[in-house]
Amino acid sequence: MNRSSTPHDILLEIVREKHQMLPQLMKGIGIDCWLVFMRETASAPDPIQGLVIGGDVVWDSAFIFSLNKDKVTKTAIVGDFDSDAEKIKGIWDEVITYTEGITDILHQTMTEINPNKIALNYSEDDVMSDGLNHGQFVKLTKILNSMVNKFTEAAPIIQKLRSRKTKTELKLIRESTELAEEIIKTVSGEFKLGMTEIQIQNMKLKPR
């Protein structure tokens, strides 16, 4: 069976709605900075990227959600190869582009933010919150060597963000439920003893 995918415009709407949840979530958890650090996501995606990034990147990329009082500032630091795609999305307050490595600009940006805690996508227990690979973690500890003591798991943010459904997500859930019910009604009348799962999957049925 083919893996389903969400149309890009709908995906970005969900991302925007998830971003709107962040101030309350981050404030409630007591984390003032969430840093999503990734690269080559088509090959090694982060489980959370579909909900807060809304697409793939190629070069080293840092997506920073910085909480100040009740407002979250959203900054994307990406290579020039990825820059246009991030700007077109219209979901970032600022898109900073680099050409010769992310180290200096990421260190400068994080120094200016000067957070108390830096939540990173790693977790010992939750695979869906463990998207930061080891190589990227090592690179990040070198770039932000003076801030390593501020690193903490982003799992509490990710778990709440994933479990709390947005307006668009609820609409899609309702529509998929209605479609599933219609398929079940239609298919159940066409079943025959001895049919395989593949035969059922390949059935061409017309809704009643």
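Contact here means heavy atoms within 4.5 Å. Helices (H or I, at least four residues) and strands (E, at least two) are DSSP runs, numbered from the N terminus.

This is a predicted model: local features need pLDDT of at least 70, side-chain atom pairs count only at pLDDT 80 or more, and totals for chains, interfaces and linings use all residues. Residues are numbered from 1 along each chain as its sequence is written, and side-chain values use heavy atoms, with hydrogens and water left out.

Start with helix H4, residues 103–113. Its buried residues (under 20% relative accessible area, 1.4 Å probe, protein chains only) are Leu106, Thr109 and Met110. Seen down the axis of H4, they fall within an arc of 95°, so they line one face of the helix. The arc is that of the directions from the helix axis to the C-beta atoms. Asp104 and Glu112, on the other side of H4, are exposed, that is, over 50%. Asparagine 114 follows H4 and has a positive phi, near 50°.

The buried residues of H4 pack against these elements:

| Element | Residues |
|---|---|
| strand S1 | 33–38 |
| strand S2 | 61–68 |
| strand S3 | 71–79 |
| strand S4 | 94–98 |
| strand S5 | 118–120 |
| helix H5 | 134–143 |

Now strand S1. Six of its six residues are buried. Cys33, Leu35 and Phe37 cover one side; Trp34, Val36 and Met38 are on the other. S1 and S2 run antiparallel, joined by six bridges; strands pair if DSSP finds at least two bridges between them. Methionine 38 stands opposite serine 61 in S2.
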